[in-house]
Amino acid sequence: MTIKKAYGFQFVVLILVLFICFFINIGLGSVHIPFKSILGSLFGTIDNNTWQVIIKDYRLPKAITAILVGSGLGISGLLMQTLFRNPLAGPFVLGITSGASLGVALVILGSGLFGGLLAMSLISKWSIVIAASLGSFLVLLAVLAVSSKVRDTMAILIIGLMFGSITAAVVSVLSYFSSAEQLQQYIFWGFGSLSNLSWQELLIFFGIYSIGLILSIASIKGLNSLLLGENYAKSLGLNLRQSRLVIILATSLIAGTITAFAGPIAFIGLAIPHLTRQIFKTSNHRVLLPAVFLYGAIVMLICDSIAQLPGSDYTLPINAITAIVGAPVVIWLLVRQRKMMF
Amino acid sequence: MSMNTKHIILKVEELSIGYKTKKAETVVASHINFELEKGQLIGLVGANGIGKSTLLRTLIKVQPALSGSIFLNGKDLKSTTNLELAKQLSIVLTEPISSKNLSVYELVALGRYPYTNWIGSLTDNDITIVNNALKLVNIEDLKAKRCYELSDGQLQKVMLARALSQDTDIIVLDEPTTHLDMYHKAYILKLLQKLTKETGKTILFSSHEIDLAIQLCDTMIVMQSDTVVFDEPCNLISEGIFESLFPSDLIVFDTKTGGFRVNK
């Protein structure tokens, strides 16, 4: 009954698929680059300087971003579903995404409201990233404060949803006073984007993501005991309060940075854990966590490849693609098992 | 083991149970005293709402005692950590488990949680104990099934196997026979009796099956509105404890058969 024997083959296949998707993703784009040159520019230098720049500074960071975003959202969804004993939970429920959206809305839409100090020229990429991080971090602090006081996990879930409502309300008030240009900029952020990350930004992204990932791995055993329910988990010797804090912190770090750098990306966090459980037929987080990582990364790479509309100059909003891929998965699962389980 | 060297697993002294808020204290029952010995099957009975669950929840440290002490293997429960407790006491609750997606084997293996390393790897020893627990409860054929595929009776056996694999001195079960048919009620309680004999574990359960408990238990705890009595079933019958358990205009206790019947 060892994990290696039972799931080794599936993991080898998944890793292979991930590599294939990675190279396909890099290979696709508005400029056609031969596969040989792609490999050449990845592992050395090629003569064609334009291609080299496209691959190294544009497509490669974008593919890595896709892997981080997909795997991260999947893992935070998995953590939330187990912690809140709710199959509909995802990174959105804690209000992390809402907090980030609020921060961004205040910067983009609020600039008109608060006068000339924050002129349009000031709204750089970094100010959006900082605003989103601050927003999700503040919501995280609020959720942590609440969760150390409130014992009931369901209450935390509802509080997260309330943060979402408050955000939506503030955003609608702000948009009422905003110019069309500002609104457009906010809407574009809401579409989500995996591109335009510099190597420096990617490094910061990866750093915070890694801390969240390590915390998630450290929570595996506790997550498994939580499958029985909180009272059983405690009777098995779990320090419930501490584990809950670590799990929430891990989710916030991962989902918060993703939203900050790539925008609010929907459905991946909800759909990937369900898809993985369906295929791996287990609830053991020791198997699920790496499997969700791989599936999330693969699905995100595929979504991004579709978003580029191969052979054209257009790039569709990534959020639209994830919803188009994610929603049918959820519906299919519901129809197939008539019940959502976690 | 001779009769005068009693091995006490759980000792309760002048225990008072109930709920405490900032404003008021609601006492559900008080002056509770009993000693549970190794290898005994103990039934906890009483009318609905008398405080059976509150007593069990206090004993398993889900809620604090109002006053008095509980000693588990001679150590005060208050100073016992969650992990220490997990190695001495396992539970089967009435609440359903959160994830019915777990396989029977995965669920029973979770009983090894207090003993495994940081990521929960099962050693050969753990696997032997898990398989043994499945065998004791006679559910080896269910191993690969998912929990949502099981009947209530099967699920109850699986939960019992999980408690067994936790390898504790005492197992506490809250109403293990609810939702079960007459055959499975008797089956589960008989199984509990068999387990105390075969494994030397102490098993405490609450139940409404008083007649079955009278036949199977070594000792019983009877909760009444004013007192909590602890004794062997035959003594409890001769003292007339069961007669006063329910209002006698509807249900009377028959001392000869050791069961209740409806007053027609």
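A crossing of two helices is called right-handed if the near helix is turned clockwise from the far one by less than a right angle, and left-handed if it is turned anticlockwise. In this predicted model, the crossing of α4(A) and α12(A) is right-handed. Two packed helices are described by the angle between their axes and the distance between the axes. For helix α4 (residues 96–108) of chain A and helix α12 (residues 240–262) of chain A, the angle is about 35° and the axes lie 9 Å apart. On the side of α4(A), the residues that meet the partner helix are I96(A), T97(A) and A100(A), and across from them α12(A) contributes S252(A), A255(A), G256(A), T259(A) and A260(A). Sorted by class, this contact is made of four nonpolar and four polar residues, with no charged residue taking part.

Chain A also touches chain B, in a contact that takes 22 residues from chain A and 22 residues from chain B. On the side of chain A, α10 (220–226) and α11 (230–235) each supply at least two of the residues involved. That side of chain A divides into eight nonpolar, nine polar and five charged residues, whereas the contact of α4(A) with α12(A) has no charged residues.

Turning to chain B, its secondary structure comes to eight helices and 12 strands. The radius of gyration of chain B is 19 Å, close to the 18 Å that the globule rule gives for 264 residues, and chain B is therefore as compact as a globular protein of that length. The C-alpha trace of chain B spans about 55 × 45 × 45 Å along its principal axes, and 40% of the 264 residues count as buried. Among contacts in chain B between residues at least 6 apart in sequence, 67% join residues at least 24 apart.

Because 11 of the 14 residues of α5(B) are buried, the helix is largely enclosed by the rest of the structure. The buried residues run from L155(B), Q156(B), K157(B) and V158(B) through M159(B), L160(B), A161(B) and R162(B) to A163(B), L164(B) and S165(B). What covers them includes the strands β6 (89–92) and β7 (170–173) of chain B, together with the helices α3 (104–109), α4 (124–136) and α6 (182–199) of chain B. After α5(B) comes D167(B), whose phi is positive, near 55°.

Conventions
Residues numbered from 1 in each chain as written. Chains lettered and ligands numbered in written order. Predicted model: local features only at pLDDT ≥ 70, side-chain atom pairs only at ≥ 80, totals over all residues. Contact = placed C-beta atoms within 7 Å. Helix = DSSP H or I, 4+ residues; strand = E, 2+ residues; numbered from the N terminus. Nonpolar A, V, L, I, M, F, W, Y, C, P; charged D, E, K, R; others polar. Rg over C-alpha atoms; globule rule 2.2 N^0.38 Å. Buried ≥ 20, exposed ≤ 12 C-beta atoms within 10 Å, placed from the backbone. Axes fitted to C-alpha atoms, helices over the stretch in contact; angles between N-to-C directions.
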